[in-house]
Amino acid sequence: MGSNFVLKRTATGWEQLEPNTDRVDATSIKTLIETLSDLQSSELFDSNSPDDPRVSPRTMTVRVWQQGGVGSGGEAMTTEPALSLEIGRHDVLRKTVYGRLEGDSFILALPDLIGVASMSLALVRRFSTSTR
């Protein structure tokens, strides 16, 4: 699959850690996080097949971690991602992408987040390139 694109929030703002180290545009990161936070599935499909054509092959996997403190239920935070969403086929006509939470059998029909996520990452890349 492709390369990792790793972003981290620090005390001084957002930083890109991979594929190279640099500052990033906070507004683009905020847009990306809000897009992920607001995702709602329009349909659910039960599929026990890991090779379901809607999600295989994966085009990307989005993983989000939360650090520090305790979770909403008082539990200690772990090194496991709070969200691990496998993104599969992009249906241009339906303006939908198919995804599956890692380890889950249900396939989600999601609004076209690939365009928003790609646009946000492109803005982050452009910002980090222009500040060098």
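Mentor: Two strands are said to pair if DSSP finds at least two bridges between them. Helices (H or I, at least four residues) and strands (E, at least two) are themselves DSSP runs, numbered from the N terminus. The model is a predicted one, in which local features need pLDDT of at least 70 and side-chain atom pairs count only at pLDDT 80 or more, whereas totals for chains, interfaces and linings use all residues. Residues are numbered from 1 along each chain as its sequence is written, and side-chain values use heavy atoms, with hydrogens and water left out.

A brief setting comes first. The protein has two helices and eight strands, which follow the pattern β-β-β-α-β-β-β-β-β-α along the sequence. Among its 132 residues, 26% are buried, meaning under 20% relative accessible area; exposed means over 50%, and partly exposed lies in between (1.4 Å probe, protein chains only). A contact is a pair of heavy atoms within 4.5 Å; of the contacts in the protein with a separation of 6 or more, 50% are between residues 24 or more positions apart.

Strand β7 spans residues 96–101 and is mostly covered, with five of its six residues buried. On one side of the pairing, β6 (residues 83–91) joins β7 in the antiparallel sense through five bridges. D91 has T96 of β7 as its bridge partner. The hairpin of β6 and β7 has four residues between the strands, and K95 there takes a positive phi near 50 degrees. Strand β7 also pairs with β8 (residues 106–111), again antiparallel, over four bridges.

A salt bridge is defined as a side-chain nitrogen of Lys or Arg within 4 Å of a carboxyl oxygen of Asp or Glu; for charge, Lys and Arg count as positive and Asp and Glu as negative, while His and the chain ends are not counted. Beyond its neighbours within four places in sequence, R100 is in contact with S47, S49, P50, V55, S84, L85, E86, S105, F106 and I107.

E86 does form a salt bridge, with R58, at 3.3 Å from N to O. This pair links distant parts of the chain, since R58 lies in the loop between β4 and β5 (60–64) and E86 in strand β6, 28 residues apart. At 12% relative accessibility E86 is buried, whereas R58, at 37%, is partly exposed.

R94 forms a salt bridge with E43, the closest N and O atoms being 2.2 Å apart. R94 is in that loop and E43 in strand β4 (residues 43–46), 51 residues apart, and this pair too joins distant parts of the chain. Both partners are partly exposed: R94 has a relative accessible area of 42%, and E43 has 30%.

For contrast, one may turn to a pair within a helix. K30 and E34 meet in a salt bridge of 3.8 Å, N to O. They lie in helix α1 (residues 26–37), four residues apart, about one turn of the helix. K30 is exposed at 52%, and E34 is partly exposed at 40%. These pairs are among the six salt bridges of the structure.

Strands β1, β2 and β3 form an open antiparallel sheet in the order β1-β2-β3. Strands β1 (6–10) and β3 (22–23) stand at its edges with a single partner strand each, so one side of each has no neighbour in the sheet. Five bridges join β1 to β2 (residues 13–18) in antiparallel pairing, and T10 stands opposite G13 of β2.
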